[in-house]
Amino acid sequence: MIHEGCKNLIVTIVKKGWSEKVIQASREAGASGGTVLMGRGTGIHETQSVFGLPIEPEKEIIFTVVEVDQTDAILSAIEKAAELGSPGMGIAFVINLEKIAGRVHMTCGLSDKQA
């Protein structure tokens, strides 16, 4: 069954080794968990090189599906834990999930009988 417009996705991109802080902060703020992916990339504060060749620092990308009414509190907790106010620490942003399927316990407003 597909449900519409009832969840947000918080995407957080941080330096390698910071995902645990993000997950812990988001759980303490009410999230049920998250998914961590590995990535690489550079920002204006991360230009590194070896023998003149640029290095692309490793990143951790955390996907956290949250209730719409929990989004601000969880995003704020992530911002603080990951020190996102400091240059070069990472970024977090929110995407509205127009449709969601699967993970029945995560779907919109369903009672246990309906799930």
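A residue counts as buried when its relative accessible area is under 20%, and as exposed when that area is over 50%. Keep these cut-offs at hand for the tour. The model is predicted.

**Whole chain**

Start with everything selected. The chain has two helices and six strands. From the N terminus on, they run β-α-β-β-β-β-α-β. Of the 115 residues in the chain, buried ones make up 32%. Now think about contacts with a separation of 6 or more: 76% of them join residues 24 or more positions apart.

Next, colour by pLDDT. The chain has a mean of 83, and 73% of its residues reach 70 or more. Select residues 111–115: here the pLDDT is below 50. This stretch has three contacts in the model beyond near neighbours in sequence. Where pLDDT is low, predicted coordinates should not be read in detail.

**Helix 2**

Select residues 71–81, which form helix 2. Which residues of helix 2 are buried? They are Thr71, Ile74 and Ile78. Look down the axis of helix 2: its buried residues fall within an arc of 75°, so they line one face of the helix. An α-helix has 3.6 residues a turn, so residues three or four places apart point the same way.

The face away from its buried side carries the exposed residues Asp72 and Lys80. Then step just past the end of helix 2, to glutamate 83. Glutamate 83 takes a positive phi of about 55°.

**Helix 1**

Select residues 19–28 for helix 1. Its buried residues are Ser19, Val22, Ile23, Ala25 and Ser26. Why do they sit on the same side of helix 1? They cover an arc of only 165° around the axis, and that puts them there. Exposed residues Glu20 and Glu28 are on the face turned away from the buried side of helix 1.

Zoom in on serine 19, in helix 1. Is serine 19 buried or exposed? Its relative accessibility is 6%, so serine 19 counts as buried. Leave aside neighbours within four places in sequence, and serine 19 is in contact with Val14, Val36, Glu60 and Ile62.

**Where the helices meet**

The axes of helix 1 and helix 2 come within 8 Å and cross at roughly 145°. The crossing is right-handed. To see the contact, select Lys21, Val22, Ala25 and Ser26 in helix 1.

**After helix 1**

Glycine 30 takes a positive phi of about 120°.

Go on to glycine 33, in the loop between helix 1 and strand 2 (35–40). At 12% relative accessibility, glycine 33 counts as buried. Which residues does glycine 33 contact, leaving aside its neighbours within four places in sequence? Select Arg27 and Thr64 to see them. For a distance, pick the C-alpha atoms of glycine 33 and valine 22. They are separated by 10.0 Å, with the two residues eleven apart along the chain.

**Strand 5**

Select residues 58–67, which make up strand 5, and find phenylalanine 63 there. Phenylalanine 63 is partly exposed, with a relative accessible area of 32%. Not counting residues up to four places away in sequence, phenylalanine 63 touches Leu9, Ile10, Val11, Gly34, Thr35 and Leu37. Phenylalanine 63 and isoleucine 13 are 50 residues apart in sequence, and their C-alpha atoms are 9.1 Å apart in space.

**Last stop**

Finish at glycine 88, in the loop between helix 2 and strand 6 (90–100). How does glycine 88 count, at 23% relative accessibility? Glycine 88 is partly exposed. Lysine 15 is 73 residues from glycine 88 along the chain, and the C-alpha atoms of the two are separated by 8.7 Å.

Key: Residues numbered from 1 in each chain as written. Predicted model: local features only at pLDDT ≥ 70, side-chain atom pairs only at ≥ 80, totals over all residues. Heavy atoms only, no water. pLDDT = per-residue confidence, 0-100. Contact = heavy atoms within 4.5 Å. Axes fitted to C-alpha atoms, helices over the stretch in contact; angles between N-to-C directions. Helix = DSSP H or I, 4+ residues; strand = E, 2+ residues; numbered from the N terminus. Left-handed = near helix turned anticlockwise from the far one by under 90°. Buried < 20%, exposed > 50% of the residue type's maximum accessible area, 1.4 Å probe, protein only. Arc of directions from axis to C-beta.
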